[in-house]
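Please report on the pocket, the cavities, the sheet and the aromatic pairs of this protein. Keep it brief.

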Amino acid sequence: DRRFCPASQTFTSLKAATDDQDLHVFLDDMLAMSSFVYKFNNIRRIVRANEGKTKKKLFRKDTKVKYFEPALVLTDMGSQERDDSKQLKYSITLPAILRFLENNRRWFKDPDVGGDLEFDDEEKKEPFVLEEQLKKQMVDNIKIIDYDDRFSTDKGGLVYGVVINLTRQWITVVFRGTIGLTDINTDRDFRLDHESFFGHEGDITQGGEPATHRGFTEYLVSNREEDSIERPYIDRILACVNGEYERNPDMQGKDFKLFVTGHSLGGGLANLFAFRTAQLMAKGDESVKFLPKRVKTMTFASPCVGNFDYNAEFQELEQKGFLRHVRIANEGDVVPTNAIYPPFSIAIKGNTKVYTQNGVNLFLKPEEKLVVDYRNTKSMRSQTDLFNNRDNHKLTEYAARLKEPANEAVYEQTLEELYQIAGDFTA
């Protein structure tokens, strides 16, 4: 048990990837990243909101909040010159985050025991669950190359991280999921965007009218405020990742893989980011010149992100070998569905019936073996569970179902074997 994942469990049957076997994701690593992107954002938000503030107390002396070495998790005050494509001024390591938590327990509490930390002002000695998870993850040499939550609030906004595992030799781009009203408004905008990924020569290879979810797409193609270069977020992220492959001395002469992951909204963004990256690879674009020739994504509870013609373009990139996607969905989770019906559809912009899913689907059932299928798009009505819908969407529930012993044999497959089991991905 060494990985940092929601259920503090590892999947020991997963075997290491080799190029010929092409197992694209260590399942526990992607769970870890999808969970971490929430937790790290929460820690940073609490520190920013409370550092230096005076807390009034009844019948007790007022307290001024003073964190021990906030530079361990916030790089804003660093004297280093900022990279044009990064928010962080320097990389953040897991030992640094652990040291920060160990020395700042007074200012946090863990009400859900393993959930998100909250602000507190009480002395405490017992370590948080997160500290134990970090220690297990520190078996690997992991660095957070970039983490951009600069314009996120408690209502949401685009948050992503770029993480390098020098031990496992991968870089992962991870997106955070929905946390508030801003994100919810983004989630519900199912109007079709025909231009952002298909507006230039060579973008459309299969004909038709491919289009993507407008809300998610706008998160990626909107310009980042205060960027030294005027460009969409997605170009900034690609510049960061491409730069690491080109210039990071720890990566030179080694075969580092490129992964993308996220949960919920983060899964939708991961799907689109991976697609766009693969699309640029297929076109030989300079922005992805130094990346490996395949991008591999694993998403958890991802909504549908495009129409049937988008899926045709997605499949073309799968067939050419530029793109692989394992989409994990829980039975009874309505978020990864299409055909949203009344009264829920009243809050939706656009027609959800024109959407479909992509990639190999691992469909998780409680206390049963998972089902491997290709695409396997479900309607909202077929997955509506009035008693457990919110729980079915939680990343902790995904982790719990993935631990089902009957699923172990599936995890021993390579990615290409999963694609063969799932069926014809040209259909």
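## Pocket, cavities and sheet

The lining of the largest pocket divides into 19 nonpolar, 13 polar and eleven charged residues. Here Ala, Val, Leu, Ile, Met, Phe, Trp, Tyr, Cys and Pro count as nonpolar, Asp, Glu, Lys and Arg as charged, and the others, Gly among them, as polar. This is a predicted model: local features need pLDDT of at least 70, side-chain atom pairs count only at pLDDT 80 or more, and totals for chains, interfaces and linings use all residues. Residues are numbered from 1 along each chain as its sequence is written, and side-chain values use heavy atoms, with hydrogens and water left out.

The volume of the largest pocket is about 1,700 Å³. Its lining has 43 residues, and T178, H263, S264, V335 and H393 are the closest to its centre. Helix α1 gives the most, with six residues. On a 1 Å grid over the protein atoms alone, a pocket is an open set of points with protein on both sides within 12 Å along at least five of seven lines; in a cavity a 1.4 Å probe fits but cannot get out; lining residues have an atom within 4 Å of a point. Points are joined across faces, edges and corners, and a volume is the space filled by probe spheres set on them.

There are five cavities of 30 Å³ or more.

Nine strands form an open sheet with mixed pairing, in the order β3-β6-β7-β8-β11-β12-β14-β16-β17. β3 (92-93) and β17 (371-374) stand at the edges with a single partner each, so one side of each has no neighbour in the sheet. Helices (H or I, at least four residues) and strands (E, at least two) are DSSP runs, numbered from the N terminus. Strands pair if DSSP finds at least two bridges between them. Parallel strands β11 and β12 are joined by six bridges. F259 stands opposite K296 in β12.

The count of aromatic pairs is 19. Rings of Phe, Tyr and Trp (its six-membered ring) pair if their centres lie within 6.5 Å; planes under 30 degrees apart are stacked, over 60 edge-to-face, the rest tilted. Y160 and Y233 are edge-to-face, at 6.4 Å centre to centre and 85 degrees between the planes. Y160 lies in β7 and Y233 in α6, so the pair ties together parts 73 residues apart in sequence.
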